[in-house]
Amino acid sequence: MIKWWKISSVVLILYTIVWGLIGNVPRLDILNETIRNVYYHVPIWFAMLFQMGYSVVFAVKHLYKNDLKLDIVSNQAAQTGLFFAIPGLLTGCMWAKFTWGTWWTFQDPKLNGVAIAVLIYFSYFILRSSIDDELKRARIAAVYNVFAFVMMLVFIMILPRLTDSLHPGNGGNPAFAKYDMDNNMRMVFYPAVIGWVLLSIWIFDIKKRLAFIEHEENES
Amino acid sequence: MEKPFISLYFQVIERKFVGRMILPLIKKEFTIEFRQKSTLAGILVYIVSTIFISALCFNKIIHPVVWNSLFWVIFLFIAVNISSKSFMTETKGKGLYNYLYYHPTHFILSKILYNMALLVVLSLLTFFFYSWFVGSMPNINIAMFLVNLVLSSSAFAGVLSLMSAIASKANNNISLMAILSFPVLMPLLLVSIKFSKHAIDGLAWSVSYKYALILIMLNFVVVVLASLLFNYLWKD
């Protein structure tokens with residue numbers, strides 16, 4: 001059975017890809033046509049953040065209820081989030097090459113924050129793989145997940161406010177209003193955010209169900 | 001959990017409990033450390049020889065950015081080396097004993113406070129030897145640098161104590177300790193490096209006090225989080 005939100009995710013993403021490429025955008029210096037990247041790059045990061053947040057919520061739930069299924073959910077959400085980091089990084093790098101003239105810079109707090117987040121989730125998966133006992137692994141991974149996420153949050157909230165950033169929408173504020181977007185662009189941008197987040201939920205849902213089946217097979 | 005942990009948390013850090021429960025635990029840590037003088041002496045030799053090697057390599061460092069970054073790299077490795085020991089000595093039998101006799105919050109708080117004290121002293125020593133061997137910076141604001149050093153080393157100690165506890169539950173793997181703690185420490189390290197760059201350049205307090213505030217806040221967040229989360233690591 002295909003649910004309504006799965007269809008709407010496909011429709012919304014198709015609409016944003018097509019309309020994002022042929023629609024009107026404001027002509028701005030340096031940015032030029034690259035401003036269209038806001039339809040792909042930003043929603044993909046939103047989807048990643050959504051999954052990471054979901055993962056932490058379920059890690060906390062697991063610590064309270066000690067239920068292995070909650071840990072599976074948390075793990076799968078983290079995996080989906082990390083999966084979305086790859087296209088997020090690639091689109092960002094491509095955009096940076098054409099506007100800043102470089103693929104990557106170490107001067108920027110947002111780029112550093114992303115690099116650190118990806119590293120943290122890599123070490124999260126390494127930690128998971130180094131513990132054999134299921135219950136113990138779930139508990140320790142959840143502890144690390146919560147701790148790392150809070151440290152990240154503090155970092156993302158504070159550090160960009162202290163230093164200048166080349167990144168659009170800088171100053172630590174959420175990107176929305178600061179973009180040089182007009183109403184034409186908003187008509188594509190908001191559906192794009194919803195579409196990509198729904199797609200991430202879809203991927204996560206399939207992964208979760210697969211992991212549940214595997215878990216039940218191991219049980220019996 | 002039988003009882004919501006948060007309500008217990010504020011109960012156990014009341015003043016009389018601190019005096020009765022945490023201080024003896026810290027005392028125990030110090031006694032063990034000073035009974036085995038070899039580990040402490042080993043760390044001192046590690047500090048001095050690392051700094052000596054860098055002095056030999058660089059002769060004299062004139063550029064403030066190089067001076068700053070080398071100092072913090074040395075400091076990072078010293079901190080990880082010291083704090084990774086804090087849970088490695090907890091064997092299975094000792095763990096059971098501690099589990100029966102102490103409250104987890106008391107236990108982790110004592111570990112953190114002990115590591116903070118140790119790391120603050122050792123970081124001051126590191127700074128002393130570093131400015132002796134490698135040379136000091138001309139415009140350095142010593143008071144600001146020392147404030148930064150004390151605040152960041154205590155925050156480092158907090159993070160690393162919890163990471164050491166996690167690593168000790170995962171087969172006590174020393175490389176796992178580095179893998180887990182480096183990404184989490186990076187935000188902290190970036191703040192410390194920026195703050196210490198201000199101190200080296202001799203900037204006024206009015207432009208750099210916000211870094212001190214961030215470090216104090218991070219200290220607070222780390223201690224509270226570690227003492228809340230350790231309860232779940234504690235049981236086997």
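Begin by selecting Gly195(A), which is buried, with a relative accessible area of 0% (buried means under 20% relative accessible area, exposed over 50%, partly exposed in between, with a 1.4 Å probe and protein chains only). This is a predicted model, in which local features need pLDDT of at least 70, side-chain atom pairs count only at pLDDT 80 or more, and totals for chains, interfaces and linings use all residues. Residues are numbered from 1 along each chain as its sequence is written, chains are lettered from A and ligands numbered from 1 in the order in which they are written, and side-chain values use heavy atoms, with hydrogens and water left out.

Leaving aside residues up to four places away in sequence, Gly195(A) touches Ser9(A), Leu12(A) and Ile13(A), where contact means heavy atoms within 4.5 Å.

Now show the whole of chain A, which has 6 helices and 0 strands. Of its 220 residues, 52% are buried, and among contacts between residues at least 6 apart in sequence, 74% join residues at least 24 apart. Chain A exposes about 11100 Å², with 67% of it supplied by carbon and sulfur atoms; the accessible areas come from the Shrake-Rupley method with a 1.4 Å probe, and for residues only the protein chains shown count as cover.

Then bring in chain B and select the contact, to which chain B gives 32 residues and chain A 27 residues. Between them the chains bury about 2900 Å², 81% of it on carbon and sulfur atoms, buried area being the accessible area (1.4 Å probe) that two parts lose on being put together, summed over both. On the chain B side, pick out Val184(B), Leu229(B) and Tyr232(B), which lose the most area to chain A, together 18% of what that side buries.

Finally, colour helix 7 (142–169), helix 8 (174–200) and helix 9 (205–234) of chain B, each of which supplies at least two residues of the side that touches chain A. Helix 9 of chain B provides the largest share of that side, 11 residues.

How values were computed. Helices (H or I, at least four residues) and strands (E, at least two) are DSSP runs, numbered from the N terminus.
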